[in-house]
Every structure is written in structure tokens, then in C-alpha cells.
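Morning, everyone. I have one structure to walk through today, so please look at the display.

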Amino acid sequence: MSDDVILRAEQVIKIYPGTVALNKVDFNIYRGKVNVLIGENGAGKSTLMKILAGVEEATAGRLSLEGKEIAPKSPREAEELGIGIIYQELNLFPNMNVSENIFVAHERTLGGMVIDHRSQEDRARELLQRLEQPIDPRTFVQDLRIGQQQIVEIAKALALDVRILIMDEPTSALSNTEVEVLFRVIDELRAQGMSIIYISHKLEELLRIGDYVTILRDGNLMAEAPIPEIDLGWIVENMVGRETVRHYTPAPHEVKQTIFSVQHLTLPRPRTKDYTLKDISFDLHAGEILGLYGLMGAGRTELFECLMGLHPQAVGEIVLDGELLKANTVRDRIEQGLMLVPEDRQREGLVQTMSVSNNMLLASLRRYFNWIMLNRTQEQEAVEQYVQELSIKVSNPENLISSLSGGNQQKVVVGKALLTNPRVLLLDEPTRGIDVGAKEEIFDIVVQLAQRGLGIIFVSTELKEVMAISDRILVMSKGKITREFQRDEADEQDLVEASAIGHGVENEAIGVS
Amino acid sequence: MQNVQLNSPSAEPVPNETQGGALVVIGKLLVSLRAFIALFLLMGFFAAINDTFLDSGNLIILTKQVAINAILGLGMTFVILTGGIDLSVGSIVGLAGMVAGALINEGLVLPMFGIVVYFNVWIVMVITLIVGMIVGLANGIIITRFNVAPFIATLGMLYIARGLALLSADGSTYPNLVGSEELGNTGFPQLGGDTLLDLPYSIWIMIALTLIAIFIARKTPFGRQVYAIGGNARAAKLSGVRVKRVTMLTYVISGFCSAMVGLIIASQLVSAHPATGETFELNAIAAVVLGGTSLAGGRGTVFGTIIGAFVIGVLRNGMVLEGLSSFLQIIITGVVIILAVVIDQVQVRLQQRS
């Protein structure tokens with residue numbers, strides 16, 4: 001192999017109390033290449049990255065940079081060595097502007113006392129230019145879209161003159177167009193000699209962007225290979241030994257009568273004449289999985305929020321089982337038979353300070369309440385039932401929810417929804433940030449629910465997932481439904497085109513082509 | 001998980017497959033029982049250096065003092081579990097005492113009918129508790145309907161309620177709250193003065209309210225929802241929890257507890273003074289925090305608060321017995337509070353490790 005290694009991890013071991021997170025892992029980062037690191041949740045990717053970035057210290061093992069041994073003890077030390085990291089969760093200050101964020105803790109000063117805003121802003125503008133993103137450095141970060149915030153994170157790393165940039169699932173919150181921009185940026189950085197470590201769950205992405213791939217499983221190194229020599233099947237085999245969701249074929253389920261119908265739903269945008277949702281109408285049948293595809297900002301999440309009664313200013317009719325839904329609180333909607341599995345597990349789905357079982361029961365407490373107290377036995381039975389049905393891996397449901405892996409946490413959210421006995425289940429990106437194995441399990445669960453006669457609306461930004469599981473697909477763009485496809489007529493190209501209707505010129509103007 | 005452990009020492013220990021070893025287990029146990037341990041160490045210490053500390057007379061006086069703070073702490077616990085704070089409790093204590101005093105000594109004046117109504121003592125107490133709950137409800141409404149930060153809303157109420165207490169008798173006291181036979185409103189002093197099985201009523205009230213509060217926190221949907229709101233209000237809302245209503249109710253509970261304390265103190269003194277209860281809010285918050293409840297919400301227990309109140313009470317009582325300067329006492333109380341929170345942080349870190 002002619003490419004040389006800039007950073008090498010050898011026989012790295014990391015032991016947390018009770019678990020071995022990394023077991024003698026070797027990892028090579030090739031100079032000027034995109035080094036892809038993949039593995040299921042809990043495989044040890046993030047731990048390895050934290051060690052490289054100085055956030056955690058390895059229990060044993062060696063790191064060498066350009067042949068010299070290093071042992072960064074803090075992110076600052078790692079930065080000085082030229083290693084920067086962009087975390088999965090963005091680390092920006094929404095209340096500060098772009099240039100302040102880029103230079104936070106590394107402020108350029110006049111005489112060591114006063115921040116030199118002028119120079120910071122100039123440099124920030126330069127960096128953003130290099131990233132092809134003409135964002136005004138004085139814009140507050142809270143006013144940027146997620147994709148733009150990601151760019152600011154990258155600019156922040158560039159400002160430190162890092163040679164090695166770690167990107168932990170940078171695309172998990174991006175729309176397809178934003179991903180394209182990011183990929184162009186990565187290409188450019190690579191061309192400029194930056195060594196990149198790229199972590200993602202989205203396998204197709206990795207094949208597109210990566211030069212080398214390293215696979216971890218359960219803290220062990222499984223394989224390393226140059227990308228041109230391998231294919232998707234090889235990756236999946238090494239990762240889980242299973243086929244990907246892409247080829248998922250849902251078990252047969254019968255689509256029955258209409259149970260749920262939305263008519264002319266419109267959500268005005270506050271203080272403007274604009275609409276977040278405009279004249280949305282569709283029907284949903286019992287036993288049907290209705291896919292909802294659209295780019296970020298298409299209004300999918302807002303549609304779900306309206307259905308759950310979170311936007312009282314929305315107008316239109318929602319009919320469930322022939323009955324017009326009037327009451328407008330989340331609680332009423334849940335009682336009527338609607339339930340949402342929200343997009344953001346951590347922020348909207350779970351209470352981190354509570355146990356697995358209390359999280360699962362939260363939406364259905366009334367069923368175990370006999371007007372004096374909660375019936376502990378009934379509660380435990382209900383939890384036990386769904387822990388088994390959804391095969392949630394937890395040794396004791398009284399453990400804190402944060403002790404579970406992402407996929408299992410998601411199943412807990414699904415379990416919470418099912419405990420409310422819904423007629424219609426709204427799944428907002430239920431597979432986001434979970435590994436292939438868990439995704440497939442979630443898919444199986446969704447199909448089983450359809451077999452039981454639930455109506456299911458399934459939202460995803462991953463086109464292939466939507467196509468794999470849906471009986472019918474609605475495509476949204478800019479707050480409207482632009483097209484409808486039956487399962488057998490759905491075509492990737494057409495779907496993408498439909499999701500871009502209404503985009504275009506105006507989009508160029510705000511810098512996301 | 002920690003809640004369960006603290007609340008019921010009899011519950012089976014929660015097994016945790018990610019334990020690192022016996023030392024970690026023992027360490028965790030020590031940390032989670034720290035309030036208990038601190039209390040026993042303190043009591044042992046004072047018992048060793050002072051013969052009178054363990055006299056039943058002293059212990060009853062101590063517990064009587066603790067009851068005041070503990071009852072306020074109960075209400076405060078619910079508020080803090082939602083991530084809020086109630087600074088108005090001390091003022092509600094003062095206002096409640098004045099309401100009871102006015103009703104007993106002057107009756108309810110109805111100018112439009114030109115009559116004065118005197119109530120039976122039981123009814124006086126019920127009205128007083130309702131007044132406390134109304135003030136709490138006002139806090140809750142301001143916080144949830146007008147989106148005012150709890151700190152600010154209850155700070156405002158601290159002034160308003162105190163002002164009302166002062167205004168009610170023009171800054172003076174309602175003395176001698178014994179009522180009179182012909183008006184049929186005697187008996188108020190019994191609440192603070194009488195005993196059952198040698199224990200003053202106030203201690204029984206504390207015990208009863210504590211049991212009820214533990215029940216509410218652990219066995220009712222309301223309690224569960226309070227924890228959920230403090231842990232993640234957005235997730236709670238999306239789970240159908242009526243976040244505003246539940247939050248509002250915690251302030252009503254706090255108002256009720258404050259009014260109860262107002263009654264107890266007025267009865268013990270057989271008079272109502274408008275300045276009663278100043279700085280009580282801080283003691284109550286201290287008890288809650290000492291008991292391991294996180295000011296960020298979502299984490300903590302009712303029983304912890306009671307232990308916290310006892311730690312403060314024992315510390316004060318012991319220091320008074322030793323004749324320690326009262327100024328020094330204040331400093332030591334402060335040190336203990338900070339120490340407790342530092343240990344709390346250690347616990348959080350230990351938990352995250354697992």
C-alpha cells in the first residue's frame with residue numbers, strides 16, 4: 001500500500017467499569033484520505049474517537065502521529081497536535097454569532113484583552129468562503145439551519161489548522177441537498193491534504209465518500225480495506241453478518257378500510273403570510289404503512305405535530321374512525337388513538353432521568369391507576385410484555401434509560417407509544433441514528449403492527465428505507481404534498497424529483513443548492 | 001432508580017450488570033445513603049459531646065423545630081422536582097398566620113351586609129389552608145400561563161404575600177388567639193400546644209404529610225409526571241402529560257404546606273405576627289437540596305428532604321446546646337449545604353460511569 005499513515009492507533013484497549021469498550025484495536029488514518037469508521041451502536045467507534053481527540057484516555061495501547069508517540073490528555077492538547085473533532089451532537093452556542101462560535105476559546109485579541117471582532121469576522125468569512133458557504137459571520141447560530149450549523153462546526157475545526165478532522169455522523173441531521181454540500185466540502189478538504197475520519201451509519205454514503213474503511217464490532221477490529229476493493233455486502237457482512245434494510249421485504253399485511261383522514265390541513269407561519277403546511281389532504285387505511293418522504297424543512301415533522309394537536313393555530317379537518325377530532329391537546333389525541341414516536345429521541349422521546357420502565361409507562365399511566373394508586377404489578381406486567389415483544393435488551397427495566405443503546409432506547413419509545421393502544425401510529429424518523437440490525441428489528445415491528453390493523457405513517461429522510469417498507473408513499477415539498485406513489489410504481493428518481501418541487505432558484509439564493 | 005433506593009430501604013437492591021466490583025458497589029451505596037449517614041454521624045457526634053442531646057425532651061424540641069422546615073420542604077420538593085423553585089413559602093407562612101389570626105380575633109367582616117362572621121376553629125384552619133393554596137395557584141398561573149420564570153414569579157409573590165400580611169393588621173400582631181366561648185371559636189392553641197402519645201401535634205402532622213407526600217410521589221400518576229416534567233418537559237408533553245396543570249399543582253401543594261406551617265406557628269405562639277416566616281424559603285430549599293434533590297429537576301426524593309431537614313435541625317440544635325456563637329452556626333450551616341451538593345455531584349458522576 002503506497003499511501004502513508006499519518007496517525008496510527010495500535011492495540012488500543014479501553015475498559016469502563018464492567019465493559020471492555022475497545023479490545024486491542026488497530027486503526028490507521030491515511031494521509032489526505034477519507035478514513036471511514038463503521039460499526040453498530042456500541043461497537044466502540046465513539047470511544048475510539050474520544051481517545052484520538054483527547055476526551056478520554058486509553059487504558060492501554062499506543063497512538064503515534066507521524067511516527068511519534070502521542071498521548072493527548074485533553075481536547076486542547078489534541079488540537080495542538082492538529083486533531084480536531086466534530087461531534088454528532090453539534091457543539092455550538094446558539095446565542096452567539098458565527099464568528100464568535102468559530103473562535104470560541106481561541107479568541108483573537110487586541111493586546112490579549114479585547115476581542116478583535118474585525119479580524120475574527122474576516123477570517124471567518126474566509127473560512128466559510130473556502131467551504132463555499134457565504135454565511136454572514138455575524139448571523140446568530142440559532143438562526144441557521146442544521147446544515148449550515150454543521151458547516152460552522154467544520155469552519156471551527158479549520159480555524160484551528162487541524163490536519164486530522166474527525167466527523168462523527170455529520171449527516172445524521174442533514175437533508176439530501178445539505179449532504180451533497182457537505183460531501184463537496186469533504187472532497188475539497190481532502191484535495192487540500194486534510195486527513196478525515198468519517199463515521200456514519202449510512203452505508204451508501206461511506207462507499208461514495210470514503211477511501212479506506214475500518215469496521216469495528218463489539219469493541220473488536222473486524223476488517224480494514226481500501227474502498228475500491230469492497231462493496232456494500234462486504235461491509236454488512238463484517239458489521240453484522242446480515243443483509244441491509246435496503247433489501248427489506250415486508251411480510252404480507254392486508255390494507256383494509258380507511259381509518260384516518262386529513263382534509264385541507266393548513267398551518268400558517270406566524271407573523272407572515274406564508275404557510276408551513278398548505279392544504280394537506282390524505283387518507284390512511286387500517287393495516288397500511290404510509291411512507292412520507294421529503295427533504296428537511298418539507299414540513300413532515302410539523303404535519304405530525306399538527307396531527308398531535310401541538311399547533312392550535314392549524315386549520316383543517318382530522319377524522320379518525322369516522323369521527324371528527326375537535327379537542328386540541330396532545331392528551332386528547334392520544335386518548336382518541338393517535339400516537340407519535342418523535343424524531344428526536346433524546347429531546348422529545350425520553351426522560352433521561354427516569355428508568356426504562358417509567359419511560360415506557362409515561363403515556364399510559366391512567367390505565368394502571370385505580371383512583372388511589374398506580375398498580376405496580378399491572379405496570380410491571382405491561383412493561384415485561386413489551387420488553388419481550390419488542391425484544392428490548394435490558395437486564396432490568398428499573399435501570400436508567402440512558403444505560404441502553406440507541407436502538408433499544410428507540411424501542412422503548414415505540415413501546416411507550418404502543419402502550420397507549422393507538423389506532424394510528426406516527427413514526428418520525430424511527431430509524432435515525434440506530435444501527436442496521438436494530439433498524440431491521442424496528443421494520444419488523446412496524447410490519448407486525450400493520451398486520452394487527454394499525455394505520456402507520458412512516459417518515460424518513462432515507463429514501464431507500466421509505467421505499468422498502470411503505471405500501472404507499474406521499475412526497476412532501478415546501479409544506480405541500482407533491483406526489484403520491486403506490487409501492488410498485490415508486491421510483492427513486494421520481495421520488496427525489498417530487499421532493500424538490502418548489503425548490504430551486506430561491507434555494508440557490510440562501511446558499512443550499 | 002436512585003429514588004427507589006432512597007425511598008424504601010426495604011426494597012430489594014437493584015442489580016446492575018455493569019458494576020465494576022465490590023468497591024464500586026460499596027462506594028455507590030455509601031453515596032446514595034449519604035444523607036442518612038451524615039445524620040447518624042451528626043447525632044452520634046452531638047450525643048458524645050453533650051449529655052443532654054439525647055434526652056427525650058431535647059429530641060422532641062428538635063423534632064418540633066424540624067417539623068416546620070420539613071413540612072415546607074415537602075411542598076418545595078415537588079416544585080423543585082419539576083425544575084422550579086418557590087421563594088414565596090416564607091411569606092405565605094406569615095400571611096397564613098395573619099389570616100387565621102384575623103378570622104379568630106376579628107372574624108370575617110362583610111361590609112355589604114353589615115355583619116361580622118366568626119367561624120369555628122376548624123373552618124378557620126380550612127380557610128387558611130385554602131388561602132395558602134390560592135396563593136400557590138397564583139404562583140402556578142403566573143409561571144405556566146404567562147411563562148414567567150419560577151424564580152421571578154415567586155420572588156414577586158414573596159413581596160406580595162408579605163405585603164398583604166403586613167397590611168392585614170397594619171403591621172401589628174394579632175395577639176392572644178384563644179377565641180371566646182360565646183363566639184364558639186376556642187381551641188386554636190391546641191394545634192401547637194397539645195400532644196398525642198407525648199408528641200406534639202405538629203410532629204404528627206409532619207409524619208402524616210410526609211407519608212402522603214411519599215405516596216403521591218411514588219404511587220400516583222401525578223408524582224410520576226412531576227418527575228417526568230423535571231427530567232424532560234417536552235417529552236412529557238408529547239406523552240400526553242398536562243405539563244402546565246401538573247406544574248401548577250406543585251405550587252398549590254407548596255402553598256398548602258406553607259399555610260399549614262403558618263397555622264402551626266401561630267398556634268404555638270398563640271399570636272400571629274406579620275413577619276413570621278422570613279427566610280424560611282431558604283431553609284426549605286436547603287433541606288431539599290441536602291436531601292439529594294437536583295435543582296435542575298427530575299431527580300430526588302421526598303424522604304431525602306425529611307432527612308435533609310433533620311440534618312439542618314440536628315446541626316442547629318447541637319450547636320445551640322454547645323453554646324456555639326449563632327454567627328458561627330450560620331457559617332457551618334452554609335458549609336454543610338455546599339458540601340452536600342458537592343457530594344451530590346460525585347454521585348452523578350458515579351452514576352454516569354456505570
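One definition before we start: a helix axis here is a line fitted to C-alpha atoms over the stretch in contact, and the angle between two axes is taken between N-to-C directions, from 0 to 180 degrees. Also, keep in mind that this is a predicted model.

Let's begin with helix packing in chain B. Helix 4 of chain B spans residues 56–81, and helix 14 of chain B spans residues 302–321. Their axes are 8 Å apart, at an angle of about 145°. The crossing of helix 4 of chain B and helix 14 of chain B is right-handed.

Which residues in helix 4 of chain B meet helix 14 of chain B? They are Leu62(B), Gln65(B), Val66(B), Asn69(B), Ala70(B), Gly73(B), Leu74(B) and Thr77(B). On the side of helix 14 of chain B, the partners include Val302(B), Ile306(B), Phe310(B) and Asn317(B). By class, this contact of helix 4 with helix 14 of chain B holds 10 nonpolar residues, eight polar ones and no charged ones.

Helix 14 of chain B has another partner to look at. Helix 9 of chain B packs with helix 14 of chain B at about 145°, and here the axes are 9 Å apart. From helix 9 of chain B come Thr210(B), Ala213(B), Ile214(B) and Ala217(B). They meet Val302(B), Phe303(B) and Ile306(B) in helix 14 of chain B. The contact of helix 9 with helix 14 of chain B divides into six nonpolar residues, one polar and no charged.

Next, two covered helices. Helix 10 of chain B covers residues 221–231. Of its 11 residues, 10 are buried, so helix 10 of chain B is largely enclosed by the rest of the structure. The buried residues of helix 10 of chain B include Arg224(B), Gln225(B), Tyr227(B) and Ile229(B). What covers them? Among the covering elements are helix 4, helix 9, helix 11 and helix 12 of chain B. Chain A contributes as well, through its helix 12, residues 356–361.

Helix 13 of chain B, residues 280–290, is mostly covered too, with 10 of its 11 residues buried. Glu281(B) and Asn283(B) are among the buried residues of helix 13 of chain B, and so are Phe280(B) and Leu290(B). Just after helix 13 of chain B, Gly292(B) takes a positive phi of about 95°.

Some totals for chain B. It has 15 helices and four strands. Buried residues make up 49% of its 354 residues. Take the contacts in chain B between residues at least 6 apart in sequence: 78% of them join residues at least 24 apart.

Now the cores. The largest nonpolar core has 181 residues. Those with the most contacts inside it are Leu426(A), Val446(A), Ile456(A), Phe458(A), Ile71(B) and Ala100(B). Helix 12 of chain B, residues 243–269, gives the most to this core, with 16 residues. In chain A, domain 2 and domain 3 each supply at least three residues to this core. Apart from it lies another core, of 70 residues, with Val34(A), Leu158(A), Ile166(A) and Ile199(A) among them.

Leaving aside residues up to four places away in sequence, Leu426(A) touches Phe304(A), Leu307(A), Leu338(A), Met339(A), Leu340(A), Val341(A) and Ile457(A).

On to the domains of chain A. Domain 1 is 5–241, domain 2 is 242–337 + 423–513, and domain 3 is 355–421. The C-alpha centres of domain 2 and domain 3 of chain A lie 26 Å apart. Across their boundary, 10 residues of domain 2 of chain A contact nine residues of domain 3 of chain A. On the domain 2 side, helix 15 of chain A, residues 436–451, gives the most, with four residues. That side of domain 2 of chain A divides into seven nonpolar residues, one polar and two charged.

His264(A) is not a glycine, yet its phi is positive, near 55°. His264(A) is found in strand 13 of chain A, residues 258–268. Is His264(A) buried or exposed? Exposed, because it has 11 other C-beta atoms within 10 Å, and the cut-off for exposed is 12 or fewer.

Asp321(A) also has a positive phi, of about 55°. Asp321(A) is found in the loop between strand 16 and strand 17 of chain A. With 15 C-beta neighbours inside 10 Å, Asp321(A) counts as partly exposed.

Notes. Residues are numbered from 1 along each chain as its sequence is written. Chains are lettered from A and ligands numbered from 1 in the order in which they are written. This is a predicted model: local features need pLDDT of at least 70, side-chain atom pairs count only at pLDDT 80 or more; totals for chains, interfaces and linings use all residues. A nonpolar core is a set of buried Ala, Val, Leu, Ile, Met, Phe, Trp, Tyr and Cys residues joined through C-beta atoms within 7 Å. A residue is buried if 20 or more other C-beta atoms lie within 10 Å of its own, exposed if 12 or fewer, and partly exposed in between; C-beta atoms are placed from the backbone. Domain bounds come from an automatic or database domain assignment. Two residues are in contact if their C-beta atoms, placed from the backbone, lie within 7 Å. A crossing is left-handed if the near helix is turned anticlockwise from the far one by less than a right angle, and right-handed if clockwise. Ala, Val, Leu, Ile, Met, Phe, Trp, Tyr, Cys and Pro count as nonpolar, Asp, Glu, Lys and Arg as charged, and the others, Gly among them, as polar.
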